[in-house]
Amino acid sequence: MYADRINALPAYLFATIDEAKSKMVEKGVDVIDLGVGDPDKPTPSHIVESMCEAVKDPQNHKYPSYSGLIEFRKAAAKWLKDTRNINVDPATETLTMIGSKEGVAHIPLAFINPGDVALVPDPAYPVYKIGTQFAGGKPHIMPLLEENGFLPDLDSIPQDIIAKSKLMFLNYPNNPTSATATVDFFKEVVDFAEDNNIVIVHDNAYSDIVFDGYKSPSFLEIDGAMDVGIELYSLSKTYNMTGWRLAFAAGNSEIINGLGKVKSNIDSGAFDAIQKAGITALASSQQCVEDMNKTYTSRRDTLLKGLKEMGLEVKPPKATFYVWAPVPEKYKSIEFSKLLLEEAGIVATPGVGFGEYGEGYIRFALTRSVDRISEAVERMGKLEI
Ligand SMILES: Cc1ncc(COP(=O)(O)O)c(C=O)c1O
């Protein structure tokens, strides 16, 4: 019945985990869900209020423009300038997206012909690989290994693969490993892209979830990056707005234009009222982001302390709200997550769900309160592992 591209989709591990979780809840277990990468706190009230006003204005009820409200894109450009000293022309070098997932899924349609290759990290957000396959392309896996700081080794990509590659996806701060990129690594990527004519898509969905005074470098800060790539910024995690579906792309105008051509033939843009609320998010004080990061820091420290007591030592992540922990040696990641759920009522995501190179790890999301994380740690401490 289904097209080959649907039949070729891998089994959706996350649906299986959800099912196992529901069974535990039905049994009356008080499940602590550290699986979901969805902030538990509400969107800050000044953003919600701005949306309430915008939604009342009939001007915002019409079809939005394909490339997004110019006022939103100007706010995005100003935010890039103010927070990162990045200069982009809002009219030609930015584009509103209905969440960054939308941009990730659509961009291969603009640059990949059947048989072309996209370079995709593993472990990773699954949409890089699936978006490539939906466009008829072939994903080439770039393993993210702990010994390389979870950065891909560009020198190990075979020449014949490079020759067929049109696109490379990157994501730092990284989901699921929480690794961060160095400026030197991004410089290497710019050179690689220039030499091999490859479009870089840097997914910066966790751009501002940072701790301990760390500031995560942006790809567009690098000399030459504007010639070879775009960067995707999402309001989802930065402002607890996952449900609103709002993000923007910034960078090279031809690449932006390519993505825009796909979008204008598939969707009709983001609701103007949401973009107006997005302006409020980007243009107001960023104190709410700092406050949230303090909250994540104490959650992180609570979890790491507990893991250490269990013999699972993890270096404190500098960014993202994930902790990527090695599983005890005798377990596969799925077995360990099953044990956590069945014996301790804790949901965590097995690393293999993000690709074969995620095996050996488990991802905890810091999207529950310190009290709940403390409770999880206490329960884990009682496990015999
Ligand atoms: C790495 C990464 N990219 C993109 C997304 C999608 O975010 P958005 O809500 O902007 O579509 C996520 C969501 O979890 C993510 O982890």
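## Terms and basis

A residue counts as buried when its relative accessible area is under 20%, as exposed when that area is over 50%, and as partly exposed in between (1.4 Å probe, protein chains only). This is a predicted model, in which local features need pLDDT of at least 70 and side-chain atom pairs count only at pLDDT 80 or more, while totals for chains, interfaces and linings use all residues. Residues are numbered from 1 along each chain as its sequence is written, and side-chain values use heavy atoms, with hydrogens and water left out.

## Ile 362 in strand S12

Ile 362 is buried, with a relative accessible area of 0%. Its place is strand S12. Helices here are DSSP runs of H or I with at least four residues; strands are runs of E with at least two; both are numbered from the N terminus.

Contact means heavy atoms within 4.5 Å. With neighbours within four places in sequence left aside, Ile 362 is in contact with Val 323, Trp 324, Ala 325 and Val 327, with Phe 336, Ser 337 and Leu 340, and with Ala 348, Thr 349, Pro 350 and Gly 351. Val 352 sits ten residues away from Ile 362 along the chain, and the C-alpha atoms of the two are separated by 8.2 Å.

## Two domains

The protein is divided into domain 1 (4-43 + 287-381) and domain 2 (45-284). These bounds come from an automatic or database domain assignment. The C-alpha centres of domain 1 and domain 2 lie 25 Å apart. In contact across the boundary are 30 residues of domain 1 and 36 residues of domain 2.

Together, domain 1 and domain 2 bury about 3000 Å² between them, and 62% of it is on carbon and sulfur atoms. Buried area is the accessible area (1.4 Å probe) that two parts lose on being put together, summed over both. On the domain 1 side, Thr 43, Lys 318 and Tyr 357 lose the most area to domain 2; together they make up 25% of what that side buries.

## Polar links and make-up of the interface

The interface of domain 1 and domain 2 has 18 residue pairs in polar contact, both residues at pLDDT 80 or more. A polar contact is a pair of N or O atoms within 3.5 Å; within protein, one must be able to donate a hydrogen and the other to accept it, and residues adjacent in sequence count only if both atoms are side-chain atoms.

Helix H1 (4-7), helix H14 (287-309), strand S9 (322-326) and strand S12 (361-365) each supply at least two residues of the domain 1 side that touches domain 2. H14 gives the largest share of that side, seven residues. By class, the side of domain 1 that touches domain 2 has 16 nonpolar, seven polar and seven charged residues. Nonpolar covers Ala, Val, Leu, Ile, Met, Phe, Trp, Tyr, Cys and Pro; charged covers Asp, Glu, Lys and Arg; the others, Gly among them, are polar.

## Thr 43 at the boundary

Thr 43 lies in the loop between strand S1 (32-33) and helix H3 (45-56). Thr 43 is buried, with a relative accessible area of 13%. A polar atom of its side chain lies 2.7 Å from the backbone oxygen of Asn 240. Beyond the neighbours within four places in sequence, Thr 43 is in contact with Val 48, Tyr 239, Asn 240, Met 241 and Trp 244.

## Salt bridges

A salt bridge is a side-chain nitrogen of Lys or Arg within 4 Å of a carboxyl oxygen of Asp or Glu. The count by this rule comes to 14 salt bridges. Between domain 1 and domain 2 the count is one. Asp 212 forms a salt bridge with Arg 300, with the closest N and O atoms 2.9 Å apart. Arg 300 also meets Asp 301 in a salt bridge (3.0 Å, N to O). Arg 300 is buried at 3% relative accessible area, whereas Asp 301 is partly exposed at 38%.

A network of salt bridges links Asp 30, Arg 372, Glu 375 and Arg 379. Asp 30 pairs with Arg 379, the closest N and O atoms being 3.2 Å apart. This pair links distant parts of the chain, 349 residues apart: Asp 30 is in the loop between helix H2 (13-26) and S1, and Arg 379 is in helix H16 (residues 370-381). Asp 30 is partly exposed at 42% relative accessible area, but Arg 379 is buried at 16%.

Glu 375 forms a salt bridge with Arg 379 too, with the closest N and O atoms 2.8 Å apart. Glu 375 and Arg 379 are four residues apart in helix H16, so about one helical turn separates them. Glu 375 is partly exposed, with a relative accessible area of 31%.
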